[in-house]
Amino acid sequence: RQAARVEGLTAAPQTVSAVTAPIHFHFALSGTATTVLTLAGSGGASAMARIALGVLPAGEQDVTWDGTDGNGGFLPSGSYTASVSTVDIQGNAGRAMLGQPLTLDARRIVVSLTRQEMTIYDGPTILRHTLITSGGPETQTPVGTFQVIASYSPYIMRSPWPKASRLWYPDSPVSYAILFKDGGYFLHDAPWRVVYGPGSNAVDGIPGGNTTGTHGCVNVPLAD
C-alpha cells in the first residue's frame with residue numbers, strides 16, 4: 001500500500017499576528033490518515049510545535065494554527081517552516097513541506113480588569129508588567145480581543161460628551177495613545193494620575209482624580 005499523500009500544501013496569510021488572525025493551512029489527503037502539523041524554526045532548528053490534527057478523511061482539508069505549541073503556549077515571534085505528516089492504518093508514513101516560511105508575530109498586550117494590571121508578551125516571554133487603571137462603574141472598559149487600530153504621539157483626549165453632561169471632561173493632553181476599539185477606546189498615559197491598580201477605578205470622575213475610573217480607556221504609567 002502507498003502512504004496517504006499530502007498534496008498542494010499552502011498557507012495563508014504568510015505573515016500573521018497569532019492573537020487576531022490564525023494561519024489557514026490548505027491541503028488534500030489522498031487517503032484517511034492520522035495527521036500532524038509540525039512547526040520548526042526556519043534556521044534549521046528542531047521542531048517547536050507538533051499539533052495533532054487527529055484522523056482526517058481523504059479529500060480537501062482546511063486547518064488553522066493560532067501560533068501556539070499545541071498545549072496553549074505561544075511560540076515566540078519569528079520565521080517558521082511548516083510540514084504536514086501522515087500515518088495511515090497500515091503504518092505507511094507520508095510528509096509534505098510548505099514551500100515558503102511563515103512569519104509569526106506573537107506580541108500581545110493582556111489587560112486584566114479584575115487585577116487592574118497589564119502584561120506585555122512576545123510569545124512566552126514577558127516584556128513588561130505594570131498596574132493600570134480602567135473604566136469606572138458607569139464607563140467600563142470593553143472586554144474582548146482587539147488589535148491596534150492606530151497609534152498617536154502626542155495626542156489630546158477630547159470629551160465626546162457635551163459640557164452640560166456630568167461625564168464631560170476638559171481636553172487632556174497625553175504623550176502616547178493606542179486606539180484598540182472604535183469609539184475612542186485607547187491605551188494611553190495619564191499625566192494627571194499617580195495612583196494605579198486595584199481601587200483606582202472605584203468611582204466615576206473626570207481626569208485629575210487618583211481614584212476615578214477612566215471613561216473606558218486604559219490608563220498606563222508613562223514609563224510603560
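This is a predicted model: local features need pLDDT of at least 70, side-chain atom pairs count only at pLDDT 80 or more; totals for chains, interfaces and linings use all residues.
**View 1. The three-strand open sheet, E1-E3-E6.**
Here three strands line up in the order E1-E3-E6, with antiparallel pairing. Strand E1 (6–12) and strand E6 (59–65) sit at the edges with a single partner strand each, so one side of each has no neighbour in the sheet. From one strand to the next, the twist averages 15 degrees (axes are lines fitted to C-alpha atoms, for helices over the stretch in contact, and angles run from 0 to 180 degrees between N-to-C directions). Strand labels follow DSSP runs: strands (E) have at least two residues, helices (H or I) at least four, and numbering starts at the N terminus. Two strands count as paired if DSSP finds at least two bridges between them.

**View 2. Zooming in on strand E3 and its partners.**
E1 and E3 run antiparallel and are joined by five bridges; look for Thr 10, whose bridge partner in E3 is His 26. Strand E3 (residues 23–29) is also joined to E6, again antiparallel, by seven bridges. How many of E3's seven residues are buried? Five are, and E3 is mostly covered. For the cut-offs, buried means under 20% relative accessible area, exposed over 50%, and partly exposed in between (1.4 Å probe, protein chains only).

**View 3. Asp 88 in its loop.**
Asp 88 is found in the loop between strand E7 (78–87) and strand E8 (93–97). With a relative accessible area of 7%, Asp 88 is buried. Its side chain reaches the backbone nitrogen of Gln 90 at 2.9 Å.

The structure holds six salt bridges, each being a side-chain nitrogen of Lys or Arg within 4 Å of a carboxyl oxygen of Asp or Glu. Arg 128 bridges to Asp 224, with the closest N and O atoms 2.6 Å apart. This pair links distant parts of the chain, 96 residues apart: Arg 128 is in strand E12 (residues 125–131) and Asp 224 in the segment after E18. Arg 128 is partly exposed at 38% relative accessibility, and Asp 224 is partly exposed at 31%. Arg 166 forms a salt bridge with Glu 138, the closest N and O atoms being 2.4 Å apart. Here too the pair links distant parts of the chain, 28 residues apart: Arg 166 in the loop between strand E14 (155–157) and strand E15 (172–174), Glu 138 in the loop between E12 and E13. Arg 166 counts as exposed at 59%, and Glu 138 counts as exposed at 52%.

**View 4. The four-strand open sheet, E13-E16-E17-E18.**
This open sheet has mixed pairing. Strand E13 (150–152) and strand E18 (218–219) stand at its edges with a single partner strand each, so one side of each lacks a neighbour in the sheet. Strand E16 (residues 177–181) and strand E17 (residues 185–188) pair in the antiparallel sense over four bridges. For a landmark, find Leu 179 and its bridge partner in E17, Phe 186.

**View 5. Val 174 in strand E15.**
Val 174 lies in strand E15 and counts as buried at 4% relative accessibility. Val 174 and Pro 154 are 20 residues apart in sequence, and 6.0 Å apart in space, C-alpha to C-alpha.

Definitions and conventions:
Residues are numbered from 1 along each chain as its sequence is written. Side-chain values use heavy atoms; hydrogens and water are left out. A polar contact is a pair of N or O atoms within 3.5 Å; within protein, one must be able to donate a hydrogen and the other to accept it, and residues adjacent in sequence count only if both atoms are side-chain atoms.
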